Amino acid sequence: MKKGGYHGRYLKVNLSDKSWEIKELPHQLSEDYLGGRGIGTKLLFDLQSGKIDPLSAANNLIIFTGPINGT
C-alpha cells in the first residue's frame, strides 16, 4: 500500500516495558481520513478509553506525519 504517500504501517511503542511492534494501517483508514492528523485522531479515538488521567501510563501519545511531510 504505497498509494498516496502512505506506507501502510505504523509503529506502536510501549514505554513502560520498552517494547515495540509494527502494525498494519488499514487501507480504508487512509481513504476515509485526511492526512496524519485525521488518521492519528481516529487511532486515538479507537485506542483510548473514556476518561483517563493525562499523566497515566494508560494514556496514549500519538505522533503521525502526513503524506506530503518532508517534500
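Is Lys 18 buried or exposed, and what is its relative accessible area?

1. Lys 18 is exposed, with a relative accessible area of 75%, where exposed means over 50%, buried under 20% and partly exposed in between, computed with a 1.4 Å probe on protein chains only. This is a predicted model, in which local features need pLDDT of at least 70 and side-chain atom pairs count only at pLDDT 80 or more, while totals for chains, interfaces and linings use all residues. Residues are numbered from 1 along each chain as its sequence is written, and side-chain values use heavy atoms, with hydrogens and water left out.

2. Strands β1 (residues 9–14) and β2 (residues 19–24) pair in the antiparallel sense over six bridges; pairing requires that DSSP finds at least two bridges between the strands. Helices (H or I, at least four residues) and strands (E, at least two) are DSSP runs, numbered from the N terminus. Within this pair, Val 13 stands opposite Trp 20 in β2.

3. The hairpin of β1 and β2 has four residues between its strands, and Lys 18 lies in that loop. Its phi is near 55 degrees, a positive value in a residue other than glycine. Most residues other than glycine have a negative phi.

4. Gln 48, in the segment after α2 (35–47), is buried, with a relative accessible area of 19%. Its side chain makes a polar contact with the side chain of Asn 59 at 2.9 Å (a pair of N or O atoms within 3.5 Å, one able to donate a hydrogen and the other to accept it within protein, with residues adjacent in sequence counting only if both atoms are side-chain atoms). Leaving aside residues up to four places away in sequence, Gln 48 touches Ala 58, Asn 59 and Asn 60, contact meaning heavy atoms within 4.5 Å.
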